[in-house]
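Visitor: I would like to learn how to read a structure step by step. Could you take my questions one at a time?

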Amino acid sequence: MHWLCFHLEFEHHGDPDVACGDPSCTWFQLEVYRRELQALGRDPGEVLERGSRSDGDDGYEKRRNLHATRSSSVSSAPPCDPAVRRARGG
């Protein structure tokens, strides 16, 4: 089981889409980054948008195309999503 799946299933109290108090929690870390970007006067949405576009990295398009190829044959939901696990009988 992935650490994040374990954390969300057994340790993360409350809404799984809201940061908990565990500094190793992915949502906690994302919330810290969001607050720090805002404190620096940066819009977190713009920063993510810029980071998701190619910046001259030749491998970016290859990775994006590989992901798109893999995603077309796989469910779009992450494998650790509890609803997906239940639907798969897990």
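Visitor: In which helix is Phe6 found?

Guide: This is a predicted model, in which local features need pLDDT of at least 70 and side-chain atom pairs count only at pLDDT 80 or more, while totals for chains, interfaces and linings use all residues. Residues are numbered from 1 along each chain as its sequence is written, and side-chain values use heavy atoms, with hydrogens and water left out. Helices are DSSP runs of H or I with at least four residues, strands are runs of E with at least two, and both are numbered from the N terminus. On that basis, Phe6 is found in helix α1.

Visitor: Is Phe6 buried, partly exposed or exposed?

Guide: Buried means under 20% relative accessible area, exposed means over 50%, and partly exposed lies in between, with a 1.4 Å probe and protein chains only. Because its relative accessibility is 35%, Phe6 counts as partly exposed.

Visitor: How are the rings of Phe6 and Phe10 placed, stacked, edge-to-face or tilted?

Guide: Rings of Phe, Tyr and Trp (for Trp, its six-membered ring) pair if their centres lie within 6.5 Å, and planes under 30 degrees apart count as stacked, over 60 as edge-to-face and the rest as tilted. The structure holds 1 aromatic pair. Its ring centres, those of Phe6 and Phe10, are 4.9 Å apart and the planes stand at 45°, so the pair is tilted.

Visitor: How many residues apart are Phe6 and Phe10 in helix α1?

Guide: Both residues lie in helix α1, with a spacing of about one turn of the helix. Phe10 counts as exposed, because its relative accessibility is 52%. The spacing of Phe6 and Phe10 is 4 residues.

Visitor: Where does His12 lie, and is His12 buried or exposed?

Guide: His12 lies in the loop between α1 (3-11) and α2 (26-39). Because its relative accessibility is 7%, His12 counts as buried.

Visitor: Which backbone oxygen does the side chain of His12 reach?

Guide: Contact means heavy atoms within 4.5 Å, and, with neighbours within four places in sequence left aside, His12 is in contact with His7, Val18, Ala19, Cys20 and Cys25. At 2.8 Å, the side chain of His12 reaches the backbone oxygen of Val18.

Visitor: How many helices and strands does the chain have?

Guide: From the N terminus on, the elements run α-α-α-α-α. Of the 90 residues of the chain, 10% count as buried. The secondary structure comes to 5 helices and 0 strands.

Definitions and conventions. Polar contact = N/O pair within 3.5 Å; in protein donor to acceptor, adjacent residues only side chain to side chain.
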